[in-house]
Amino acid sequence: MSGLSSIPVRVAADGDACHGNALAILHEVRHALERLISTGEATRIDLHALPFGAGDEAWLTALLGTGEVLATIEALGPTSVQETAIPGVWLVDYRNAEGQRLALHLEVTCIPAILRTQCRELDTAVATLDTRLSTATPGGSHPLS
């Protein structure tokens, strides 16, 4: 046997792959934190758009740790917003109705954008509350959302 056929080839499963990008992402998070502190500018890093294997994600999330806040939003599928142990750094995992991941973001901000009330929804807030108040009776039934 000689040539290419003599070279042993092993096909690795990509499931636990590490592409070595987690450390660079952490340095980007550090710079984003400095920018957030000095200017208030938020940063979003799209981990799903990078060559980022499951091994990278596991290493990154283990290093960032878990904070005290976990929120789940049901909008076209579940989205989880997990505070990390680093204040101002959030992991936002967007999934579709079948549970498939659509996007995975690291957000460096005081509060992730998906948790904020949309300004256009505020236009109807007073009218909605007025309607509910007009039909409410203390101790009685109240309209459902």
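What share of the contacts in the protein chain with a separation of 6 or more comes from residues 24 or more positions apart? The share is 42%, where a contact means heavy atoms within 4.5 Å. The model is a predicted one, so to speak a computed picture: local features need pLDDT of at least 70, side-chain atom pairs count only at pLDDT 80 or more, and totals for chains, interfaces and linings use all residues. Residues are numbered from 1 along each chain as its sequence is written, and side-chain values use heavy atoms, with hydrogens and water left out.

Let's start with the overall layout. The protein chain has four helices and five strands, and from the N terminus on they come in the order α-β-α-β-β-β-β-α-α. Helices (H or I, at least four residues) and strands (E, at least two) are DSSP runs, numbered from the N terminus. Of the 145 residues in the protein chain, 28% are buried. Here buried stands for under 20% relative accessible area, exposed for over 50%, and partly exposed for anything in between (1.4 Å probe, protein chains only).

Next comes the inside. A nonpolar core is a set of buried Ala, Val, Leu, Ile, Met, Phe, Trp, Tyr and Cys residues joined through side-chain atoms within 4.5 Å. The largest one has 17 residues, and those with the most contacts inside it are I25, V29, L47, L60, V89, L106 and V108. At least two residues of this core come from each of α1, α2, β4 (89–95) and β5 (101–108). Helix α1 gives the largest share, seven residues. Setting aside neighbours within four places in sequence, V29 touches I45, V89, L106 and V108. There is also a second, separate core of seven residues, with A71, I73, V81 and Y94 among them.

Not counting residues up to four places away in sequence, F52 is in contact with H19, N21, A22, I25, L47, E57 and L60. F52 and A17 lie 35 residues apart in sequence, yet their C-alpha atoms are 7.9 Å apart in space.

Finally, the charged side chains. Side chains of opposite charge can pair when their charged atoms come close. The structure holds six salt bridges, each being a side-chain nitrogen of Lys or Arg within 4 Å of a carboxyl oxygen of Asp or Glu. One of them joins R30 and E34, at 2.7 Å from N to O. Both residues lie in helix α1 (residues 22–39), four residues apart, or about one turn of the helix. R30 is partly exposed at 48% relative accessible area, and E34 is partly exposed at 39%.

D93 pairs up with R95, with the closest N and O atoms 3.1 Å apart, and also with R101, where the closest N and O atoms are 3.0 Å apart. D93 is buried, at 11% relative accessible area, whereas R95 is partly exposed at 27% and R101 is partly exposed at 25%. Together, E57, D93, R95 and R101 are linked in a network of salt bridges.
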